[in-house]
Amino acid sequence: MCLAVPGKIVSIIEDGNLGLRRGRVDFSGIRKDVCLDYTAEARVGDYVLVHVGFALTVVDEEEAYRVFEALRELDQLDELKVSAPQ
Amino acid sequence: MKFLDEYRDCEAVQKMAQTIRRSTTRPWTLMEVCGGQTHTIVKTGLQDLLPEAVTLVHGPGCPVCVTPIAMIDRAVAIAGRPAVIFCSFGDMLRVPGSSQSLFDAKALGADVRIVYSPLDALNLARANPDREVVFFAVGFETTAPANAMAVWEAKRQNVSNFSMLVSHVLVPPAMETILSSADCRVQAFLAAGHVCMVMGFEEYVPISRKYRVPVIVTGFEPLDLLEGIQMAIAQLESGRAEVENQYARAVRRPGNHAAQERISDVFEVTRRTWRGIGEIPASGLRLRETYYRFDAELRFPMEIRDAEESPECISGLVLQGIRKPYECPAFAARCTPDTPLGAPMVSSEGACAAYFHFGRRIQDGNPVVSIAAAGD
Amino acid sequence: MAILSCPLPLPATERIVLAHGGGGRLTNQLIEAVFLPAFRNAALESRHDGALLSAEGVRLAMTTDTYVVQPIVFPGGTIGDLAVNGTVNDLAMCGARPIALSAGFVLEEGLSFKTLHAIVASMRDAAHVANVRIVTGDTKVLDKGRGDGLFVNTSGIGLVVAPNRIGPESVRPGDTVIVSGDLGAHGIAVLSVREGLEFEGEVKSDTAPLWPAIEALFNGGIEVHCLRDLTRGGLSSALNEIASASGLNIEVEEKLIPVSDVVQGACELLGLDPFYVANEGRFVAFVPERQAARALDILRSCPVASGAVRAGTVHETPSAIVTMRTRVGGNRVLDMLSGEQLPRIC
C-alpha cells in the first residue's frame, strides 16, 4: 500500500482559510496540488515523496546518490583487479 | 522521472545483482513485506537476476489481500444504501466479498466512486450536504496520515455527513506473527520503506534482536530492492542481525513526527483480523472515541456474518511465505484472476495475482513455473 | 506499478459490466460467448479489425466502431476525430484503402448545437485529412439523461490493396514487431480532463489516420504479415490478441518501446501501466526480419509513424503469450488486460 511518487515543489500556498499548507508539485511535467502539512520543512525546489495527495518526506538528495557512488567505487575496484598482474 | 528512473537503470541494477552473486555462499530465504515491493520484484523479473541460493518469499503486505471478507460485505452493504456516496481507492474495488465486490455493487446502481485522496472524499461530502459520504480507509501506516488528516479536518470543519470505514493494519505485529510461527523459514526481512517513512524504524530493533533476523528498510525500485537484498545477505553471511536503512533518501530513524502525531490524535491501536492469517492483537487502527461520530461502522450499524473462505485457498500459507503461489494446487487452474478463490489472486499486489500476471501461469493447461525457466 | 489489471470474478458477470467494453479479456469473452455463436461466418470469425469480403472478384474490407468517449472534447481532438480516424484505421489494418464512411449519431436531448457543430466540423476536417467521404448517416435522439451527450457509430468500406493476406494467421516465427510511435498519449489526454490533471506542457491525443503509413509499406514492397492499431487496452491488448490468434510467442523489449516523459509521469501518479493505456494513432506491424530495417526507414519518413521502432520478435514458444524482457534484464509476461485498468495506490 505504498505508491509514493517523487515530485518537485514549484510553489507553496499557506492557506489560512483551510488551515492546510498546500504546494504545487511538478511530476515530470504534470502539476498537482499536494498537502504539505506533514513536511513543514519543505521549501520550493525541494523534492517530496507524495502518497495519496500528501507529501510525507523531503527527499535527501545526498543520500539519493550514495548508492551510485558506491557502484562507481566497485567499478574502480574491478578495474584494479583486471589490470593487476595475475 | 527524477528519483525514480535512476533506480531503474539497467547497468546499475546488473552491477548490484553481480555484487549479490559474488557475496552469496549459502542458501538464504528473505521476505519482503510490502505488496508494492512484491509487485516490482515480479514485474521487473528481479528474481531472474538473483543467484539460485537466494529465495524471496512474499509477505502479507497487501492491505487489500488481508481485509476480511466481512469488511468487504459491510462496505458493499453501506454502499447500497440510497443516500450514500461510497468512496474508495481503486485497489479495493474488485475484491469479492461473500457475494459481491464494490464494483459489482456499482454495476447494480450503488454510487461507488474512486478517489485518489481521502481529502477528495471529504470535499465530496462538503459539496453534497444531502448525501452521506463514506470513505473506505484500508491501508498500512503509509496511508494512515492521510486518512487521519481527513477525519481531523472533518471534525475541525464540522462536516456532519462524512464518515470512514476503517480497516487499517500495522506491519510490525504481522512480522512478529510470521517470525514466531513454527514453520517460519524467513531469515531476513526487507521492511516496507514507505511505512517506515512515516513510522521510523525504531520498532524493528526489538524484533531484530528477539528473533535474530536482519531487517533492512528497503525502497521500491529495482535498484532499491537489490541493494536491500545485498545488505541483508551481507549481514547473513557475516552472522549479524541488525536493523539497517537502505532507503535513506526517504526514511529517517524517527520517521515523520508530525504524521505520527496526527495518527495518534485520531486513531488508536486495536486488534485486527488478517484474512488468511487470523486475529493478531494490537495490529490495527481504529478511530478514537472523540471521533466516533466519523466511524462508519457506528454510523451504519449492521449485522455482518463471518464469511467462509474457500477450503481450497491456501492464502494464509502464501501470505506467510510458507508456500509459493504456484505450489498451490488450485493456482492458475481453479484459481485465476477471473475466478479468484482468495484475496492474493484478486489484488494485483497479491503474490498470487502478481505471479499469474507476470510470469507464472498456465501453458497448455499446465502451470508454468516461470518464463525464464521455461525458456531455459 | 504496474498496472492494475484486476480481474473480475466470472460469477458476477451475469450482467454487463464496464470491463466488457475495456478491450481486454472480458471483451473477448463477451465476443466469444455471445456474438460469435450467434452470427457464425468465416469473415467474422477471423476476428480481425475488419471483415474481408469478396464481391465479383473485388476484395473489400468492412468495419464498424462506436465511439462513446467521455469527455467528448479533449486535448488534441474530439469524439468526431476518433470516429473518423478509428474506422479509417481499422480498414488500414486490413490492408485496405478507405473509400467511404457512414456516420450514425445518437444525440442526447439538450445537447447544444454549438457542441454538435464542433464535433461535426472535426469529422469533416478529419475526413478531409484521411481522404475519405462520409456518404450516408443516421440520427436518433434520446431522452435527457439516457445518453452521454453524443455517441457516434461509423462504419467504413475500403478497397483491399495489400498483395498478401494480412492477419495473425500470416505471422511467422522470426518476424520483427514494429511499434509506430510512443504509447499512451490518447488515454492520458482523456484522463487528464476527467481527473483534472494539469500539465505544464500539453498532452494531446495521438488520434491520426494511419493509411498513408500503411500504403507506404505496400508501395515499398514490404511483405506485411499483420497489422493492428492500438486502441483500448493499449499495446498489450493488441499483442495479446495476435499472440492468441496465431498461437505464437511475441517477445518485446521494454527498453525499446517509447513512452514520453509526461505520459510516464501521469502513469506513475495514477498508478497505471503505459502498456495498457489507450492510443488512437499508433499501430503494430509484423514484417519478415530481413525487411525490418527497410520497413522502419519507410515508416519514419511518414509523419504519422515518424517514431517507429523495432520492439521485438516472434518466437514459436511459449505459445500464445506475450513476454517481455524488462528494462533491468529480467523476464515477465505481458498479460491480457482482464478488467478495466484501475488506478492503484499500492
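Guide: We go chain by chain, with each general idea followed by its case here.

Guide: This is a predicted model: local features need pLDDT of at least 70, side-chain atom pairs count only at pLDDT 80 or more, and totals for chains, interfaces and linings use all residues. Residues are numbered from 1 along each chain as its sequence is written, while chains are lettered from A and ligands numbered from 1 in the order in which they are written.

Visitor: What are helices and strands here, and how many of them has chain A?

Guide: Helices (H or I, at least four residues) and strands (E, at least two) are DSSP runs, numbered from the N terminus. Chain A has five strands and one helix. Along the sequence the pattern is β-β-β-β-β-α.

Visitor: How much of chain A is buried?

Guide: A residue is buried if 20 or more other C-beta atoms lie within 10 Å of its own, exposed if 12 or fewer, and partly exposed in between; the C-beta atoms are placed from the backbone. Of the 86 residues in chain A, 38% are buried.

Visitor: And what share of contacts in chain A joins residues at least 24 apart?

Guide: Two residues are in contact if their C-beta atoms, placed from the backbone, lie within 7 Å. Take the contacts in chain A between residues at least 6 apart in sequence: 29% of them join residues at least 24 apart.

Visitor: Let us move to chain B. How do I read a sheet?

Guide: Strands of a sheet pair through backbone hydrogen bonds, either parallel or antiparallel. Two strands count as a pair if DSSP finds at least two bridges between them. In chain B, five strands make an open sheet with parallel pairing, in the order E2-E1-E7-E8-E9. Its edge strands are E2 (54–61) and E9 (243–245), and each pairs on one side only. From one strand to the next, the twist averages 25°.

Visitor: How many bridges join E1(B) to E7(B)?

Guide: Three bridges join E1 (residues 28–34) of chain B to E7 (residues 188–192) of chain B, and the two run parallel. Look at Met31(B): its bridge partner in E7(B) is Phe189(B).

Visitor: Which helix packs on that sheet?

Guide: H2(B) does, touching E1, E2, E7 and E8 (215–218) of chain B. The direction of H2(B) makes about 120° with that of E1(B). Axes are lines fitted to C-alpha atoms, for helices over the stretch in contact, and angles run from 0 to 180 degrees between N-to-C directions.

Visitor: Which residues of H2(B) and H15(B) meet?

Guide: Thr38(B), His39(B), Val42(B) and Lys43(B) in H2(B) meet Ala351(B), Ala354(B), Tyr355(B) and Phe358(B) in H15(B). For classes, Ala, Val, Leu, Ile, Met, Phe, Trp, Tyr, Cys and Pro count as nonpolar, Asp, Glu, Lys and Arg as charged, and the others, Gly among them, as polar. This contact of H2(B) with H15(B) has five nonpolar, two polar and one charged.

Visitor: Now chain C. At what angle do H3(C) and H4(C) pack?

Guide: H3 (residues 79–93) and H4 (residues 113–130) of chain C pack at about 30°, with axes 7 Å apart. H3(C) and H4(C) are therefore roughly parallel to each other. The contact of H3(C) with H4(C) has ten nonpolar, three polar and one charged residues.

Visitor: How many residues of E6(C) are buried?

Guide: Zero of the ten in E6 (residues 133–142) of chain C, which is hardly covered. Nine bridges join E5 (residues 96–108) of chain C to E6(C), and the strands run parallel. Gly104(C) stands opposite Asp138(C) in E6(C).

Visitor: What is the strand order in the seven-strand sheet of chain C?

Guide: The order in this open sheet is E10-E12-E8-E13-E11-E14-E15, with mixed pairing. E10 (226–229) and E15 (331–333) of chain C stand at the edges with a single partner strand each, so one side of each is left without a neighbour in the sheet.

How values were computed:
Parallel < 35°, antiparallel > 145°, perpendicular 65-115°, else oblique.
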